[in-house]
Amino acid sequence: MIPINYVAVFIAAVLAMVSGFVWYSKAAFGKQWMRLTGVTEASAKAGNMPLLYGTMFVGALVEAYVLSHFIHYAGAYSLINGIKTGVWAWLGFVITTSLANSMFEGRPIKLLYINAGYALVNLMIMGAVLAVLW
């Protein structure tokens, strides 16, 4: 067992939610994302938002918890090394699977850029927080 700073994990998960709110806002990439996915204002409002956001938060907690292990194993206990660890995790696990899924699903490359871009920024923020607060 490695020591885990659960406060840092929680903070990283909260920041993931905040960065997602900003990234997918209409001022950033929200309008493009909606057009590319076919999501409308009406269909978004009809969704079970507490369930969706709750599930996303649990996922962010898991992501931060696992990334904290990567931070420990890499010995990445500085801001820059935490960010680098997030980038490596993104490169090795996120973009590779996202690219394959996008290609097989025939999704627009712009949608990949939006979603994978968010994942990259998110992992960089989480990596920074987890490394600095280790």
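This note comments on the salt bridges and on one methionine in a predicted model.

1. Salt bridges in total. The predicted structure contains 2 salt bridges. Side chains of opposite charge can pair when their charged atoms come close. The two pairs are taken in turn below.

2. Lysine 26 and glutamate 41. These residues form a salt bridge in which the closest N and O atoms are 2.4 Å apart. Lysine 26 belongs to the loop between α1 and α2 (30–37), whereas glutamate 41 belongs to helix α3 (residues 41–46), so the pair ties together parts that are 15 residues apart in sequence. Lysine 26 is partly exposed, its relative accessible area being 47%. Glutamate 41 is also partly exposed, with a value of 35%.

3. Arginine 107 and glutamate 105. A salt bridge joins the side chains of these two residues, at 3.0 Å from N to O. Arginine 107 has a relative accessible area of 42% and is partly exposed. Glutamate 105 reaches 51% relative accessibility and counts as exposed, because the exposed class begins over 50%.

4. Methionine 17. This residue sits in helix α1 (residues 6–23).

5. Surroundings of methionine 17. Leaving aside residues up to four places away in sequence, methionine 17 touches Tyr53, Met56 and Phe57. As for asparagine 48, which lies 31 residues from methionine 17 along the chain, the C-alpha atoms of the two are separated by 17 Å.

Note on methods: Residues are numbered from 1 along each chain as its sequence is written. This is a predicted model: local features need pLDDT of at least 70, side-chain atom pairs count only at pLDDT 80 or more; totals for chains, interfaces and linings use all residues. Side-chain values use heavy atoms; hydrogens and water are left out. Helices (H or I, at least four residues) and strands (E, at least two) are DSSP runs, numbered from the N terminus. Contact means heavy atoms within 4.5 Å. A salt bridge is a side-chain nitrogen of Lys or Arg within 4 Å of a carboxyl oxygen of Asp or Glu. Buried means under 20% relative accessible area, exposed over 50%, partly exposed in between (1.4 Å probe, protein chains only).
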